[in-house]
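Let's take a walk through this one together.

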Amino acid sequence: MLSNNTKILLIEDDLQTRRFLKSNLNHRGWNVTETDSGKTGLTLLKNDAPDLLILDLGLPDMNGITVIKRLRQFSDLPVLVLSARSLEQSKIMALDAGADDYLTKPFGIGELNSRLQALLRRISKTAPQELFVTGELTIDLGKRKVFVAEQEVKISPIEYRILSILVKNAGLVVTQRQLLKEIWGAEHLDDNHYLRIYMRQLRHKVEANPARPRYLLTETGVGYRLSES
Ligand code: CA
């Protein structure tokens, strides 16, 4: 796991959000460097090699999406984006540009912690986890089997592929485009109805109440997230 030397770079111009984040991150013993400028942020990314970037999309000197695009030319470090509720489209653009996940402002400490946990697991993970367990749901990637309350559930090959992509990104958002591209190919990026059909089937198989899913969560307008808790 990550040590106390974990370095976080925080690029955010809103003082209140920055203070909230900094006190939480410091509380974990992590090292936080902060700036309100995208330009300074990019320099720090190059020179300081942080372990994680938390990036506000609306910066005074530069669009956060530009920061991600430039960063991705030289680094694949995990990026958690902060966005205003009104900027639905920019969240998708940020994910397409290479961000790993987002938090919509205002967010609470619980949400922040679960995102950080998922992102940091991605950094520290050496071998992919074969067995994913959350609540009553077990997904065995080694055996390609799914169980609910220890009963095996029969799933189709496409349903299995959806689940395995979500497991590999457990706790993190996966965009509709990512899923469509990986499963059906680049020519089907707009066929969101495919996903809706398969997700509905999957929920009927694994959720106690498919109308109020506990595991397979919808991120409205963006994609899906496999819940870990
Ligand atoms: Ca801002």
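Helices (DSSP H or I, at least four residues) and strands (DSSP E, at least two) are DSSP runs, numbered from the N terminus. What you have here is a predicted model, where local features need pLDDT of at least 70 and side-chain atom pairs count only at pLDDT 80 or more, while totals for chains, interfaces and linings use all residues. Residues are numbered from 1 along each chain as its sequence is written, and side-chain values use heavy atoms, with hydrogens and water left out.

Start with Pro106, which sits in the loop between β5 and α5.

Now zoom out. The chain splits into domain 1 (7–124) and domain 2 (131–226), with bounds that come from an automatic or database domain assignment. Over C-alpha atoms, the centres of domain 1 and domain 2 are 27 Å apart. Domain 1 brings 13 residues to the contact and domain 2 brings twelve, where contact means heavy atoms within 4.5 Å.

How much area is buried between domain 1 and domain 2? It comes to about 960 Å², and carbon and sulfur atoms give 50% of that. Buried area here is the accessible area (1.4 Å probe) that two parts lose on being put together, summed over both.

Two salt bridges are counted between domain 1 and domain 2, out of 14 in the structure; a salt bridge is a side-chain nitrogen of Lys or Arg within 4 Å of a carboxyl oxygen of Asp or Glu. Asp101 and Arg225 form a salt bridge through their side chains, at 2.7 Å from N to O. Asp101 lies in strand β5 and Arg225 in strand β12 (residues 223–226), so this pair ties together parts that are 124 residues apart in sequence.

On domain 1, the side touching domain 2 draws at least two residues from each of α4 (88–97), β5 (101–105) and α5 (109–124).

Asp13 belongs to the loop between β1 (7–11) and α1 (15–27), and Gly58 to the loop between β3 (52–56) and α3 (64–71), 45 residues apart.
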